[in-house]
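Here are my notes on the model you sent over. Have it open while you read, and go through the points in order.

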Amino acid sequence: MSTSETLHLPALPYPRGALAPHISAETVDLHYGKHHAGYVANVNRLLAGTARRAAALDDLIVSSSGGLFNNAAQVWNHTFYWRSMHPEGGGDPSGRLLAAVEEGFGSIDGFRKQFVDAACGHFGSGWVWLVAGGDSLEVMATSNADLPQRHGRTPLLTIDVWEHAYYLDYRNARPAYVERWIANLVNWEFAASNLAAL
């Protein structure tokens, strides 16, 4: 995502208020402007004056550990999360992606149930992903900053289940956030483009 000597906060793919009423501009301001931006600042601080300061973000997440991994992975995860949503999202996938979802989960409703159950049932902070693993699609949950690439999977889309992703809008009602996300915001075109790139 970045090969320059200074990592930059990627621009949002839509205006900050575009996800409302499902995710408010206030939540985006906090999540993107404070949390995501903070991870970018931390990576730059941790790499300052080192030979790795020009490393690509993708290389950092597979080769680092500790604080550097946590912050670099969170930059990657959040950038991917923003792109996994669209103001006119929701509905059903089509074409090759729909066929793959139906093959992997029996139906689009079967996928939704597994994805929602994983996101609502994940203990603590983390992410739930639709991933490609081998010849099939899977739902995968990761904790904290972990991500599918470290487990031999290719991410197609993700939902953030850290509390800062939803607490201002939904308080502790994570299921309400997850249900509205999958019904109204999921960006199937982004997932389809990731599948097509395999």
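1. How close do the axes of helix α4 and helix α8 come, and at what angle do they cross? The axes of α4 (residues 95–105) and α8 (residues 188–196) come within 9 Å and cross at roughly 85°. That makes α4 roughly perpendicular to α8, a label for angles of 65 to 115 degrees. Axes here are lines fitted to C-alpha atoms over the stretch in contact, with angles from 0 to 180 degrees between N-to-C directions. Helices are DSSP runs of H or I with at least four residues, strands are E runs of at least two, and both are numbered from the N terminus.

2. A word on ground rules. This is a predicted model, where local features need pLDDT of at least 70, side-chain atom pairs count only at pLDDT 80 or more, and totals for chains, interfaces and linings use all residues. Residues are numbered from 1 along each chain as its sequence is written, and side-chain values use heavy atoms, with hydrogens and water left out.

3. Back to that crossing. On the α4 side, Arg-96, Leu-97 and Ala-100 meet Trp-188, Ala-191, Ala-192, Leu-195 and Ala-196 of α8; contact means heavy atoms within 4.5 Å. By class, there are 7 nonpolar, no polar and 1 charged residues. Ala, Val, Leu, Ile, Met, Phe, Trp, Tyr, Cys and Pro count as nonpolar, Asp, Glu, Lys and Arg as charged, and the others, Gly among them, as polar.

4. Now the core. The largest nonpolar core has 62 residues, and Tyr-81, Phe-111, Leu-137, Ile-159, Tyr-177 and Trp-181 touch the most other members. Such a core is a set of buried Ala, Val, Leu, Ile, Met, Phe, Trp, Tyr and Cys residues joined through side-chain atoms within 4.5 Å. Buried means under 20% relative accessible area, exposed over 50%, and partly exposed in between (1.4 Å probe, protein chains only).

5. Helix α3 (residues 66–83) gives this core its largest share, 9 residues. It's mostly covered, too: 14 of the 18 residues in α3 are buried.

6. Two backbone spots to look at. Asn-144 has a positive phi of about 55° without being a glycine, and sits in the loop between β2 (136–143) and β3 (154–160). Arg-171 also has phi near 55°, in the loop between α6 (167–170) and α7 (174–184). For context, most residues other than glycine have a negative phi.

Key. Angles under 35 degrees count as roughly parallel, over 145 as roughly antiparallel, 65 to 115 as roughly perpendicular and the rest as oblique.
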